[in-house]
Amino acid sequence: MKKTWVSYPYILWMIIFTIVPLLLVLYYSFTKTVDGTPVLTMDNFIRVLEPTYLKVLWRSVVLALVSTVVCFIVGYPVAMILAGKDMSNKSILVLLLVVPMWMNFLLRTYAWMTLLDRKGVINSVLGALGLPQVHLLYTDFAVILGMVYNFLPFMVLPIYSVLRKIDRSLIEAAEDLGSDRITVFRKVIFPLSIPGVVSGVTMVFMPAVTTFIISKLLGGSQYMLIGNLIEDQFMRVYDWNFGSAVSIIMMLLILLSMGIMTKYDKEGAGGGLF
Amino acid sequence: MKVLKKIYLIIIFVFLYAPVLTLIVFSFNDSKSRGHWGGFTMKWYGQLFKDRQVMSSLYYTIIIALLSAIVATVTGTAAAVGIHSMKKVLKSFVMNLTYLPVVSPDIVTGISLMILFVFIRLDLGFTTLLLAHITFNIPYVVLSVLPKLKQLNKHMYEAALDLGAKPLYAFFRVILPEIMPGVVTGFLLAFTLSLDDFIISFFTTGSGVSTLSITIYSMARLGISPKINALSTLMFIVVLVLLLIVNKRSATNGRNEAPLINI
């Protein structure tokens with residue numbers, strides 16, 4: 001079949017609607033409107049370095065890192081249990097893990113509002129038990145909880161798919177040579193599961209660092225992460241030049257973290273999600 | 001050890017399902033306060049269907065999802081056929097182009113499209129929303145059709161041509177039936193993703209045109225209302241059914257279980 005031309009509409013479409021817009025973002029980030037005419041400038045990027053904005057950047061990265069670590073600590077054992085051989089009906093369990101992930105992202109986050117609210121379910125239960133009320137909604141804790149809840153399956157699934165493919169005879173060999181369970185895990189299973197861990201970490205960190213919904217709904221309207229900063233610039237302040245610069249910084253941050261992660265995944269065997 | 005594993009899994013699944021189940025249960029709660037059960041009611045569902053804003057966004061959500069999925073399926077299938085016959089260099093360029101919107105964060109896709117539409121003086125609204133949805137949908141169609149093309153026996157098409165079929169006829173009678181499972185999966189995936197999208201829609205729509213996700217977001221920012229619970233429950237069920245269909249399709253397309261490990 002020599003039918004390359006049938007894909008030209010697609011190529012044209014993708015250039016117009018993905019390449020050109022990204023170039024426009026780049027253009028906006030390096031310009032500033034003075035007296036109605038755009039001028040080339042670095043001001044937008046210099047403005048990102050102001051303490052207020054650096055703090056937002058720092059907080060986004062820290063919160064995303066914390067959520068990633070929590071997802072890893074909670075998720076790795078889940079993947080191990082699911083991949084274990086004494087797990088019958090595992091395909092149903094994996095499906096059960098995926099189903100909440102396919103529920104609308106907003107609704108999943110909104111659901112936590114119902115639970116964490118001052119007059120919400122958790123406080124009602126505490127009240128009924130005669131325990132003091134806790135202030136949960138609109139805190140860092142709520143934001144991290146929202147991130148972990150939304151992205152946990154992204155950590156579990158890649159690790160699970162890598163663990164499942166590990167050659168059993170390697171584990172048996174280690175056992176025959178006298179290793180106990182912990183040594184087998186430390187020396188055989190964990191090193192072999194690194195590709196899955198790498199894609200899991202990437203898949204949790206990236207949406208966590210770019211989100212603006214979780215922070216807005218669970219952190220309150222004053223809560224600022226890098227995503228909220230971008231949203232603000234485009235939807236409220238209308239400073240598109242600065243918003244574009246922040247977006248470029250965010251993209252660089254993501255590329256950087258992707259670069260770091262792929263360094264750890266030398267074989268490139270990545271346990272892709274699908 | 002076995003019991004411990006079971007308990008751990010149960011805790012995780014409770015964590016994953018508790019919020020969703022609470023949402024569903026409270027959509028039938030007669031009391032407006034979240035903490036108290038005031039008896040079973042369907043009144044929130046009734047109010048939902050009387051809400052003008054919700055009904056209009058439901059209409060836009062479905063229209064946009066259908067139109068964008070159809071356009072994406074046609075363009076994407078054609079693209080996949082073209083990509084399949086490409087030389088290596090061009091192919092890797094086009095594949096990178098395909099992965100670009102898949103890997104770049106939604107918020108960046110959203111604002112960059114918004115900038116484009118404003119730049120070319122297109123009023124933000126129905127058209128821009130549709131264009132944006134088609135854009136993020138096509139790559140998924142391409143990615144679900146391509147594997148089917150790889151499985152295809154290329155001599156079948158040549159045989160059809162040798163037997164006198166015109167290329168177009170041969171495509172519709174020989175190639176298309178073979179790759180149909182991938183095309184349908186791509187369509188369903190595109191439809192579901194479009195239904196589900198919030199971030200890109202949020203940035204590319206204008207006044208008067210709103211999808212369900214956007215309506216939920218603006219309602220949720222004002223606080224919790226049982227009406228959103230009812231809406232969430234309905235949306236959850238619809239997406240669940242759609243995804244079970246998609247899943248069942250990819251499962252019957254054959255994937256055998258790899259050997260399992262003991263940990």
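How many of the 274 residues of chain A, as a percentage, count as buried? In this predicted model, 55% of the residues of chain A count as buried, where buried means under 20% relative accessible area, exposed means over 50% and partly exposed lies in between, with a 1.4 Å probe and protein chains only. Residues are numbered from 1 along each chain as its sequence is written, and chains are lettered from A in the order in which they are written. Local features need pLDDT of at least 70, side-chain atom pairs count only at pLDDT 80 or more, and totals for chains, interfaces and linings use all residues, while side-chain values use heavy atoms, with hydrogens and water left out.

Chain A has 12 helices and two strands, helices being DSSP runs of H or I with at least four residues and strands runs of E with at least two, numbered from the N terminus. Its C-alpha atoms fill a box of roughly 75 × 70 × 35 Å along the principal axes. Strand 1 (residues 31-34) and strand 2 (residues 37-40) of chain A run antiparallel and are joined by four bridges, where pairing requires at least two DSSP bridges. Thr33(A) stands opposite Pro38(A) in strand 2 of chain A. The two strands form a hairpin with two residues between them, and Asp35(A) in the turn has a positive phi of about 55 degrees.

A search of the whole structure finds three cavities of 30 Å³ or more, a cavity being a set of points on a 1 Å grid over the protein atoms alone where a 1.4 Å probe fits but cannot get out, with lining residues having an atom within 4 Å of a point. The second largest cavity has a volume of about 60 Å³, the volume being the space filled by probe spheres set on the points, which are joined across faces, edges and corners. Its lining includes Phe17(A) and Leu22(A) from chain A together with Pro101(B) and Ser112(B) from chain B, and the largest share, three residues, comes from helix 1 of chain A.

Notes. 1 Å grid on protein atoms, 1.4 Å probe; cavity = no way out; pocket = protein on both sides within 12 Å on 5 of 7 lines; lining within 4 Å.
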